[in-house]
Amino acid sequence: MEQTKKHELQALAIRIRLAALEAIHSLGSGHLGGALSIADVLAVLYGEEMNIDPANPQWPERDKLVCSKGHAGPAVYGTLAVKGYFPYEELHTLNRPGTRLPSHCDRNKTPGVDMTTGSLGQGTSLAAGMALGDRLKGRKNRVFLIVGDGETNEGQVWEAMAFASAKKLSNLVVLLDWNKRQLDGWTQNVFPMGDYVAKFQAFGFDTCKVDGGDVEAIAAALARTRNGGDKPYAIILDTVKGAGIPEVEQMAMNHSVTVNDEQYDRWTAQLNAELAALEG
């Protein structure tokens, strides 16, 4: 990857973090940890990999994103706002009466959201169905599915993976946000799931693991998924919950976080300094 492109994607990831932080601060609290951990993969998807048209969110041939961990909606909303799907200022309406940006992703409300999610596990089945439906319609687009590691405690996740493998859905790309924490604590303590690479391979997926904070590594892994074939793809993203804001990374419980004015000013200053260094 050219250095210019790498810096462009890194800058987009920072803008996504800033946007998600702004939305959550406007409300006072929200699911910050799991939103921050997917900022880098969203930057690569929307800045490099996905075939999209923000001016035409319902374009039938578009690539689609299903954020099954729907509580990370602020990161998705931040991405869509930065890409121009709706006015950036609308982020301040997060989870308020009449908003188009509810707590969990809703395709009937938000321009650019391809599937309603929030009940953990259900997005996996929906994404597999969407991939099969697009194939039956002869479309060449792909479906990208973001799943949380805590979410994989749900049996529905693995039923969907078995289905995707059985139907040879090579137009489905599963992106596992392996940030190692869930609502109640560390995933290893709550409900350990073992070796994700081995598990997805056993379910018939073409599987790899990358540093989920490295946009170049993510882009290379996603480029492999363009090859088609007869297997769905899985990319295990080795991430940190709260990634990009050290104070949030180090919080004992960072699934849902209160963001006061002092924290917001400090964290945005840090992110803006990083952005200026990249673009300077």
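**Close-up views of the predicted model**

**View 1. Lining of the largest cavity.** Five nonpolar, two polar and four charged residues make up the lining of the largest cavity; Ala, Val, Leu, Ile, Met, Phe, Trp, Tyr, Cys and Pro count as nonpolar, Asp, Glu, Lys and Arg as charged, and the others, Gly among them, as polar. The structure is a predicted model, in which local features need pLDDT of at least 70 and side-chain atom pairs pLDDT 80 or more, while totals for chains, interfaces and linings use all residues. Residues are numbered from 1 along each chain as its sequence is written, and side-chain values use heavy atoms, without hydrogens and water. The volume of this cavity is about 60 Å³. Its lining includes Tyr46, Met50, Arg62 and Asp114. A cavity is a set of points on a 1 Å grid over the protein atoms alone where a 1.4 Å probe fits but cannot get out, and lining residues have an atom within 4 Å of a point. Four cavities of 30 Å³ or more are found by this rule.

**View 2. The second largest cavity.** This cavity has a volume of about 50 Å³. Among the residues lining it are Tyr46, Leu65, Val66, Cys67, Gly112 and Asp114. Strand S2 supplies three residues, the largest share of the lining. By class, the lining holds eight nonpolar residues, one polar and one charged.

View 3. Ser68 sits in the loop that joins strand S2 (64-67) to helix H4 (73-83). Because its relative accessible area is 0%, Ser68 is buried (under 20%; exposed is over 50%, partly exposed in between, with a 1.4 Å probe and protein chains only). Its side chain reaches the backbone nitrogen of Thr124 at 3.5 Å. Beyond its neighbours within four places in sequence, Ser68 is in contact with residues including Thr117, Gly121, Leu145 and Glu151 (heavy atoms within 4.5 Å).

**View 4. The salt bridge of Lys69 and Asp177.** The side chains of Lys69 and Asp177 form a salt bridge at 2.7 Å, N to O (a side-chain nitrogen of Lys or Arg within 4 Å of a carboxyl oxygen of Asp or Glu). Lys69 is in the loop between S2 and H4 and Asp177 in strand S4 (residues 172-178), so the pair ties together parts 108 residues apart in sequence. Lys69 and Asp177 are both buried.

View 5. Lys6 and Glu216 meet through their side chains in a salt bridge (3.4 Å, N to O). Since Lys6 belongs to helix H1 and Glu216 to helix H9 (residues 215-224), the pair ties together parts that are 210 residues apart in sequence. Glu216, at 30% relative accessibility, counts as partly exposed. Glu48 and Lys5 also form a salt bridge between their side chains, at 3.3 Å, N to O. Here Glu48 is in helix H3 (residues 39-49) and Lys5 in helix H1 (residues 3-27), 43 residues apart.

Conventions. Helix = DSSP H or I, 4+ residues; strand = E, 2+ residues; numbered from the N terminus. Polar contact = N/O pair within 3.5 Å; in protein donor to acceptor, adjacent residues only side chain to side chain. 1 Å grid on protein atoms, 1.4 Å probe; cavity = no way out; pocket = protein on both sides within 12 Å on 5 of 7 lines; lining within 4 Å. Points joined across faces, edges and corners; volume = space filled by probe spheres on them.
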